[in-house]
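Please walk through the side-chain contacts of this protein with the sequence and the model side by side.

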Amino acid sequence: MSYIPYEIITHKRQVCSLYKKACRTIEDWYHYRPLMRINIIRLRKRFDDNKNIIDVPTAQELLKKGQHELWANQHYYPHQFPSSPGGTAFDRDCFPPDWVLDSWHPLEKAQYPKYFAKREERKKEYIALWEKRWGKPFIPHDDH
């Protein structure tokens with residue numbers, strides 16, 4: 001997905017992102033939890049060993065090497081969370097239209113009296129606003 005970046009991503013944020021992606025890659029490769037934790041701890045040690053580097057070109061070079069290593073070690077079928085982009089349930093939120101509430105049975109509406117009283121008020125206000133702006137709807141009469 002191509003896009004135009006609208007903010008500058010700091011070095012610190014890039015490193016944190018690299019660490020998180022590397023942890024997710026380890027989770028993809030190792031399903032046995034203790035082995036996965038050991039590898040994540042080793043990864044964390046590698047990041048902690050280099051966290052005090054002040055020299056900017058060296059830090060940028062380490063970041064670039066880390067990104068290349070992540071790319072080289074990526075999983076052939078990475079785990080996708082269902083609700084994240086690329087997941088099976090992404091963008092599947094179904095928001096029913098407002099008119100569905102009009103089809104509720106009166107006993108169902110009686111459970112929420114304040115809500116439906118306010119809703120009826122707002123519907124009348126909306127209809128009045130519509131008629132003020134656009135006029136009353138034209139309903140043709142059938143004179144056959």
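Is D102 buried, partly exposed or exposed? At 35% relative accessibility, D102 is partly exposed; buried means under 20% relative accessible area, exposed over 50%, and partly exposed in between (1.4 Å probe, protein chains only). The structure is a predicted model, in which local features need pLDDT of at least 70 and side-chain atom pairs count only at pLDDT 80 or more, while totals for chains, interfaces and linings use all residues. Residues are numbered from 1 along each chain as its sequence is written, and side-chain values use heavy atoms, with hydrogens and water left out.

D102 forms a salt bridge with R119, at 2.8 Å from N to O. The term stands for a side-chain nitrogen of Lys or Arg within 4 Å of a carboxyl oxygen of Asp or Glu. This pair links distant parts of the chain: D102 belongs to the loop between α3 and α4 (106-109), and R119 to helix α5 (residues 113-134), 17 residues apart. Helices (H or I, at least four residues) and strands (E, at least two) are DSSP runs, numbered from the N terminus. R119 counts as buried, at 7% relative accessibility. Through shared partners, salt bridges join D98, D102, R119, E120 and K123 into one network.

The count of salt bridges comes to ten. One of them pairs R46 with E69, at 2.9 Å from N to O. R46 is in helix α2 (residues 33-49) and E69 in helix α3 (residues 56-72), so the pair links distant parts of the chain, 23 residues apart. R46 is partly exposed, with a relative accessible area of 47%, and E69 is partly exposed at 33%. Another salt bridge joins the side chains of E7 and R13, at 2.6 Å from N to O. E7 has a relative accessible area of 39% and is partly exposed; R13, at 46% relative accessibility, also counts as partly exposed.

Next come the aromatic side chains. A pair of aromatic rings is described by the distance of the centres and the angle of the planes. Rings of Phe, Tyr and Trp (its six-membered ring) pair if their centres lie within 6.5 Å; planes under 30 degrees apart count as stacked, over 60 as edge-to-face, and the rest as tilted. By this rule there are six aromatic pairs. In one of them, the ring centres of W104 and F116 are 5.4 Å apart and the planes are at 55°, so the pair is tilted. W104 is in the loop between α3 and α4 and F116 is in helix α5, twelve residues apart, and the pair links distant parts of the chain. W104 is partly exposed, with a relative accessible area of 29%, whereas F116 is buried at 7%.

F116 also pairs with Y115, and here the arrangement is edge-to-face, with 5.1 Å from centre to centre and 85° between the planes. Y115 counts as partly exposed, at 46% relative accessibility. Ring pairs link W104, Y112, Y115 and F116 into a cluster.

A ring can also face a charge. The charged end of R44 sits over the ring of Y19, 5.4 Å from the ring centre; for this, NZ of Lys or CZ of Arg must be within 6 Å of the ring centre and within 35 degrees of the ring normal.

Y77 is in the loop between α3 and α4 and counts as exposed, at 65% relative accessibility.

D91 is found in the loop between α3 and α4 and is exposed, at 67% relative accessibility. Most residues other than glycine have a negative phi. The phi of D91 is near 60°, a positive value in a residue other than glycine.

How many disulfides are there? The count is zero, where a disulfide is a pair of cysteine sulfur atoms within 2.5 Å. The sulfur of C23 is too far for a bond, because the closest cysteine sulfur, in C16, is 11 Å away. C23 counts as buried, at 11% relative accessibility, while C94 is exposed, with a relative accessible area of 69%.
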